[in-house]
Structure formats: C-alpha cells, structure tokens
Amino acid sequence: MAGHSKWANIQHRKGRQDAARSKLFSKFSKEITVAAKMGDPDPDKNPRLRLAIKEAKSQSMPKDNIERAIKKAIGGDGDAYEEIRYEGYGPNGVAVIVEAMTDNRNRTASNVRSTFTKHGGNLGETGSVGFMFERKGEVVYPAEVGDADTVMMAAIEAGAEDVESSEEGHVIWCADTDLNEVSTALEAELGESDSTKLVWKPTTTTELDLDAMQKLMKLVDALEDDDDVQRVTTNFEASDEVMAAL
C-alpha cells in the first residue's frame, strides 16, 4: 500500500509545517471528549480514549488541552456530537472516505457535498467506496527503533498481521479490534510509537499523475479545513516522481 503510506507521510509533513495547529488540536479535543463521554474518563480503562490521547500527544498537543477535553466530558459536554462517515469520488475517480463528528448533521452534509462538487468530485451513498478499504489498526515507528527483522519479530509476538518497513520507518498493521492489545505489547517491546490509530486501508488503488494529484490535494485540504471533519482517507497511488514534484 505504497500510496497509503506516502499519503500518511504527506499529511505528517503538512502537519508539521501547518501554522494552524489550533484547528488540529480542536479536532483531537473533540475526539478525546467524545471518547471519554462514551466510555470511562480513565484512559487505562478506555481503549478508544487511550488511543485518542496517544495520537494527540504524537502531534505535540499540550497536556492541559488533553485534560481540559476530558473534563468537558465529565462535565456533561460533548454528548451532542454524532459520528458520521461520508463516501465519494474525487478527481479521476479516486475513492474518498470522510469521517466527521458534528452537532449539526445537515450543516456538515451540505458542506461536505459542496466541497466535493467544487473540487471535481461527487458525494456518493454510504458504502459506495467503503468496499475498497479495510478497517485496520495502524502503528507507526521511526526507522531507528530497529531493523526490519527486529520489528517484524516484535509485531508477530504482539499479534499484528503485517509490517511494512522502509528507510522512513515501520508501519505495523493489525485487526481493528486488536489495536489496543497490539499497540500495548509493541510499546513494551519497542517503546512509544510515532502514531497509533484506526485507519481505512485501501485494498484497491487508483494511479494518479501530477495534475490529478494536485487536484486531489486541493479537495482533501478543503475537506480537512472543515471544523466538523476529523479525518480524510483516499486510495490514490502515485509514483515517487509525482510525489517529489508536489
């Protein structure tokens, strides 16, 4: 899944350069509040909350912000949010999954639909592209934690399904329901991960040239700018030359 891994790398670089970190932090806060509201406010007893906090910390979200988001849930806020998944097609038929968390379903649906239309895509029905993805747990480690064999052995011991190792790092895949157990076992063996989260992993990809890739980036950026949108996933595939030219 080179395309998926490359996309994660683009997002990571973009995230580091992004001046509007407050927007990113507000998305994390929302996820933490909802996770704490739905389960236990103690991350040790709530796998979803634990993973949300881990992801927020990986993007340098301050501890105060995290604690404030949990307190919000304890105080009774955050229960108005509902999670919605939108599916559609971007430029050149690329499949796009948009995960949103909103207190106004009509507003979010309208915004997402118009963003797709404005950027050469179209919003489909739920399930229209979902069959091209699998729900998976993804744990990312930097290259320096060990060589491919070391990480592979740790992943097998932890109950993971697959490992992709490259010069940029190691991506460990597991069943979505096993993410909490696998990531905990990996942490004991390899230390803190760069990222631990549930993702939509493409099973089918669409090859894009530079022009199509630039159009897709505009759509994804516009969707991610929406305050109700938590995460955007696509199934693009692109050559190293195209990625370098972006």
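Let's start with a crossing. Helix α2 passes helix α4 in a right-handed crossing. Keep in mind that this is a predicted model.

Now the geometry of that pair. α2 and α4 pack at an angle of about 40 degrees, and their axes are 8 Å apart. That makes the two helices oblique to each other. Which residues of α2 meet α4? They are Phe-25, Ser-29, Ile-32, Thr-33, Ala-36 and Lys-37. Facing them in α4 are Asn-65, Ile-66, Ala-69, Ile-70, Lys-72 and Ala-73. A reminder that helps when reading such lists: an α-helix has 3.6 residues a turn, so residues three or four places apart point the same way.

The axes of α2 and α3 come within 8 Å and cross at roughly 165 degrees. Angles over 145 degrees count as roughly antiparallel, so α2 and α3 are roughly antiparallel to each other. This crossing of α2 and α3 is left-handed. On the α2 side, the contact is made by Phe-28, Glu-31, Ile-32, Val-34, Ala-35, Ala-36 and Met-38. On the α3 side, Arg-48, Leu-49, Ala-52, Ile-53, Glu-55 and Ala-56 take part. Note Ile-32: it is on the list for α4, and it is on the list for α3. Ala-36 is also on the α4 list and on the α3 list.

Let's look at α2 itself. How many residues does it have? Phe-25, Lys-27, Phe-28, Lys-30 and Glu-31 are among the buried ones. What covers them? The cover includes α3 (47-58), α4 (63-74), β2, α8 (210-224) and β9 (229-234).

That brings in strands. On to the sheet.

Four strands form an open sheet, in the order β3-β1-β2-β9, with antiparallel pairing. Which strands are at the edges? β3 and β9, and each pairs on one side only. Next, α2 packs on this sheet, touching β1, β2 and β9. The direction of α2 makes about 105 degrees with that of β9. Helix α5 (residues 105-118) packs on the sheet too, touching β1, β2, β3 and β9. The direction of α5 makes about 20 degrees with that of β1.

Walk through the pairs. β1 (residues 82-89) and β2 (residues 95-102) are antiparallel, over eight bridges. One example is Arg-85, whose bridge partner in β2 is Glu-99. Two bridges join β1 to β3 (residues 122-123). There, Gly-88 has Leu-123 of β3 as its bridge partner. On the other flank, five bridges join β2 to β9. In that pair, Val-96 has Thr-234 of β9 as its bridge partner.

Now the hairpin. There are five residues between β1 and β2. Asn-92 lies in that loop. Asn-92 has a positive phi of about 60 degrees, although it is not a glycine. Is Asn-92 buried or exposed? At 54% relative accessibility, Asn-92 counts as exposed.

Ser-60 is another case. Ser-60 has a positive phi of about 65 degrees, and it is not a glycine either. Where is Ser-60? In the loop between α3 and α4. With 54% relative accessibility, Ser-60 counts as exposed.

One more loop residue: Asp-228, in the loop between α8 and β9. Its relative accessible area is 6%. Buried means under 20%, so Asp-228 is buried. What does Asp-228 touch? Leaving out residues up to four places away in sequence, the contacts are Lys-30, Glu-99, Ala-100, Met-101, Thr-102, Arg-107 and Thr-108. Glu-99 is the bridge partner of Arg-85.

Last stop, another set of strands. Eight bridges join β4 (residues 133-141) to β7 (residues 195-202), and they run antiparallel. Six bridges join β4 to β6 (residues 169-175), also antiparallel. Lys-136 shows up in both pairs. Its bridge partner in β7 is Val-199. Its bridge partner in β6 is Ala-175.

Key. Residues numbered from 1 in each chain as written. Predicted model: local features only at pLDDT ≥ 70, side-chain atom pairs only at ≥ 80, totals over all residues. Heavy atoms only, no water. Pairing = 2+ DSSP bridges. Buried < 20%, exposed > 50% of the residue type's maximum accessible area, 1.4 Å probe, protein only. Contact = heavy atoms within 4.5 Å. Axes fitted to C-alpha atoms, helices over the stretch in contact; angles between N-to-C directions. Parallel < 35°, antiparallel > 145°, perpendicular 65-115°, else oblique. Left-handed = near helix turned anticlockwise from the far one by under 90°.
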